[in-house]
Amino acid sequence: MPAAAAAATSAAAQPQPRIALSADEARRIALRAQGLVGAPDRRGGVPAMLRALGAVQLDTISVLARSHELVAYARLGPVGRASIEDAYWSGDAFEYWSHAASILPQTEWPWFAFCRRRMRERQRRWHEVHRPAVDAVREQLAAGGALTTKDLGGAKASAEWWDWSEAKIAVEWLLDVGEVVCVERRGWRRVYDLAERAIASDLLREEPSDAACLERLVAQGGRALGVATRSDLADYHRLLLDQVDGVIEATGLVPVEVEGWDAPAWADPAALETPVRGRHRTTLLSPFDSLIWDRKRTTRIFGFEHRIEAYVPKPKRVHGYYAMPLLAGGRIVGRVDPKREGRTLHAVQVSVEPRAIEKMAAALREAAEWVGCDAVALGRVAPAEAAAPLRAALDG
């Protein structure tokens, strides 16, 4: 090998130097990547937001609204809830397992091929799969079009939540391996259809290798996060750390060192090229929002300890059943546990930094109006001295 070529090869093999970022720069980059800096961009609406995030987590709990609605609301402002729901299930998205059960852009279908292959190799899910039931479900869907588990004969074999019927096990197995797609939620029931009808034929034919799938998902997670550690990248689509390590060099993400972070990080190169400008959103966040769904990352970026207490016994809850963090000025400056009763939004429990009282009032008023409430009632407020000015701000 010529000396110049050998030197070039050796230089290329050297690890890239890490770009230094301050903690504030990293925070602002993360906020912009998540669509929470600048005026709400409603031109592309929910589909554009979904493509940028790559995944929007679903959850059964509905207090203010369901989590996937709240994710859109946080970024797009108080657009109609029915239009949000319609936009998610317009035919350009599907539900599959990502960070958790998530809505994904249909363009991401090929890149979950590695998951579908893994499930086919296992030949089972949590329950034993009964092949006659699988054949029967295939036939019902082929003949009847998109169906719910109720249409297929029912989801439960008994009253126990875990005791699924054979039809439910069969259709979920077919979803896992990609023969069936969840195309919408109807009354929170999954609506299933055959993949050959629901997914564009060119996407359905693609079968990328495991390595290609992982490279795509890590790169996409990096763009959606803006700046991330390897554990952040793994958590976004619930990959393994060694899967991230195996492809990270091929993703195009740039090595960075963030002030105060205790682990190396990588950033979207496009995010490093342009300074973060624009007004920060003031909004309440779903506990399952991708900005904060990783608790360790949330603490690292915002200095904010966030925990979902819906599954904690009531006497042990600190901040309430469904505490929603308040994002304002690019920081998390409070939280509220909401509850709707008729046309009143009850802020059952509020904690807020004194400097953010007006922001909390504005966020509560906007959220109340969005869900059809015309009054906000305050419960317990911490610190106690914030109660009177917060009440006054709400009345003003």
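## Salt bridges

Glu-353 and Arg-355 join their side chains in a salt bridge, 2.8 Å from N to O (a side-chain nitrogen of Lys or Arg within 4 Å of a carboxyl oxygen of Asp or Glu). Arg-355 is exposed at 61% relative accessible area, while Glu-353 is partly exposed at 30% (buried is under 20%, exposed over 50%, partly exposed in between, with a 1.4 Å probe and protein chains only). This is a predicted model, where local features need pLDDT of at least 70, side-chain atom pairs count only at pLDDT 80 or more, and totals for chains, interfaces and linings use all residues. Residues are numbered from 1 along each chain as its sequence is written, and side-chain values use heavy atoms, leaving out hydrogens and water.

The count comes to 24 salt bridges. Arg-190 and Glu-172 form one of them, with their closest N and O atoms 2.7 Å apart, and both residues are buried. These two also belong to a salt-bridge network with Glu-95, Lys-168 and Arg-185. By contrast, Arg-343 and Asp-374, which meet at 2.9 Å (N to O), are both exposed.

## Nonpolar cores

The largest nonpolar core has 107 residues, and Tyr-88, Val-350 and Leu-390 touch the most other members (a core is a set of buried Ala, Val, Leu, Ile, Met, Phe, Trp, Tyr and Cys residues joined through side-chain atoms within 4.5 Å). Another core, of 23 residues, lies apart from it and includes Val-227 and Ile-332.

## Cysteines

The structure holds zero disulfides (pairs of cysteine sulfur atoms within 2.5 Å). For Cys-115, the nearest cysteine sulfur is that of Cys-213, 7.9 Å away. Cys-115 is buried at 9% relative accessible area, and Cys-213 is buried at 0%.
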